[in-house]
Amino acid sequence: MLSSAEFLDSYVGIGEKKAGATTLKLLLLGILSGFAIGMGAAVTSAATFAIDNPSAAKIISGTLFPLGLIMVLFTGAELFTGNCLMTISLLERRIRLNGMLRNLIIVYFGNFVGSILLAAAIVYCAGPGMATGLVVKTVSVAAAKCTLPFGKAVILGILCNILVCIAVMMALCSKDAVGRAVGAFGPICCFVICGFEHCVANMYYIPAGLLTMNIPACAQAAAAAGLDTTALTWGNFFLHNLFPVTIGNILGGCGFAALLWAANRKPHA
């Protein structure tokens, strides 16, 4: 098990490799990561739509959603939020800012593609055959995320990515598979149960709701359940959720990485 200082030393090299990876590799691994996080989101919806107890639903979601990050870690996929830890390599002067930004932009796009492709596959394959409760769950979650006040979305994004980066750190501090899975589990479980906002997860949740509403039978089921879907638009998705949550995720992830570096860095000769 690595200490915080040892993790700092080991991650410098990881950040260098990420900054130097080819565009195609980053894009493909970003798509894979978007798929994995999207699957974590999809399975929580599928497992909790019939549960009336909100506390029980949150606990189940917190138990299942971490599987997405565990898949990311074990497949070597590239996740935008976790890659904010590259700030460590930047502060150690082992990579340049443009190298870090290049990685984050390509991976972000890849995460979006992977997430939305999964959302489309699930929604259009299930289609009108989706259980009414799952339709209501999918649409209600998406609509609620599109009504978050800007400042609240930023703060929830900050809190979320502090925990995501702690999860990645704890996983990478372990030297065996079980330790990595357990390390990733706890912080992600916390952020899900607390209701924090993760931009890549939202790349699945909200498009899934939007695409579900394109199916007449599903739209009718949502209307029959009395859902207010006026805020559920692509414009609100980008401007009122994805944009502020992404800002919060960047601030939280990069801020955590900088704090970790400042607390454990070794003076340069």
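View 1. F150 is partly exposed, with a relative accessibility of 41%; the term covers values between buried, under 20% relative accessible area, and exposed, over 50%, computed with a 1.4 Å probe on protein chains only. The structure is a predicted model, in which local features need pLDDT of at least 70 and side-chain atom pairs count only at pLDDT 80 or more, while totals for chains, interfaces and linings use all residues. Residues are numbered from 1 along each chain as its sequence is written, and side-chain values use heavy atoms, with hydrogens and water left out. A search of the whole structure finds 10 aromatic pairs, a pair being rings of Phe, Tyr or Trp (its six-membered ring) with centres within 6.5 Å. In the pair of F150 and F243, the ring centres are 6.0 Å apart and the planes stand at 55°, so the pair is tilted; planes under 30 degrees apart would count as stacked and over 60 as edge-to-face, with the rest tilted. Because F150 lies in helix α8 and F243 in helix α12, the pair ties together parts that are 93 residues apart in sequence. Helices here are DSSP runs (H or I, at least four residues), numbered from the N terminus. F243 is also partly exposed, at 46% relative accessibility.

View 2. F237 is buried at 0% relative accessibility, whereas F238 is partly exposed at 37%. F112, W234, F237 and F238 form one aromatic cluster.

**View 3. The surroundings of N241.** N241 belongs to helix α12, which spans residues 234–264, and is buried, with a relative accessible area of 0%. The side chain of N241 reaches the backbone oxygen of K145 at 2.9 Å. With the side chain of E197, the side chain of N241 makes a polar contact at 3.5 Å; such a contact is a pair of N or O atoms within 3.5 Å, where within protein one must be able to donate a hydrogen and the other to accept it, and residues adjacent in sequence count only if both atoms are side-chain atoms. Beyond its neighbours within four places in sequence, N241 is in contact (heavy atoms within 4.5 Å) with residues including L148, N202 and I206. K152, in helix α8 (residues 150–173), is partly exposed at 46% relative accessibility. The C-alpha atoms of K152 and N241 are separated by 9.9 Å, and the two residues are 89 apart along the chain.

**View 4. C84 in its loop.** C84 is found in the loop between α4 (66–75) and α5 (87–91) and is buried, with a relative accessible area of 0%.

View 5. In α11 (residues 216–224), C218, A221 and A222 are buried. Seen down the axis of α11, these buried residues fall within an arc of 100°, so they line one face of the helix; the arc is that of the directions from the helix axis to the C-beta atoms. What covers them includes α7 (132–145) and α10 (199–212). The face turned away from the buried side carries the exposed residues P216, Q220, A223 and A224. After α11 comes G226, whose phi is positive, near 80°.

Terms used
Helix = DSSP H or I, 4+ residues; strand = E, 2+ residues; numbered from the N terminus.
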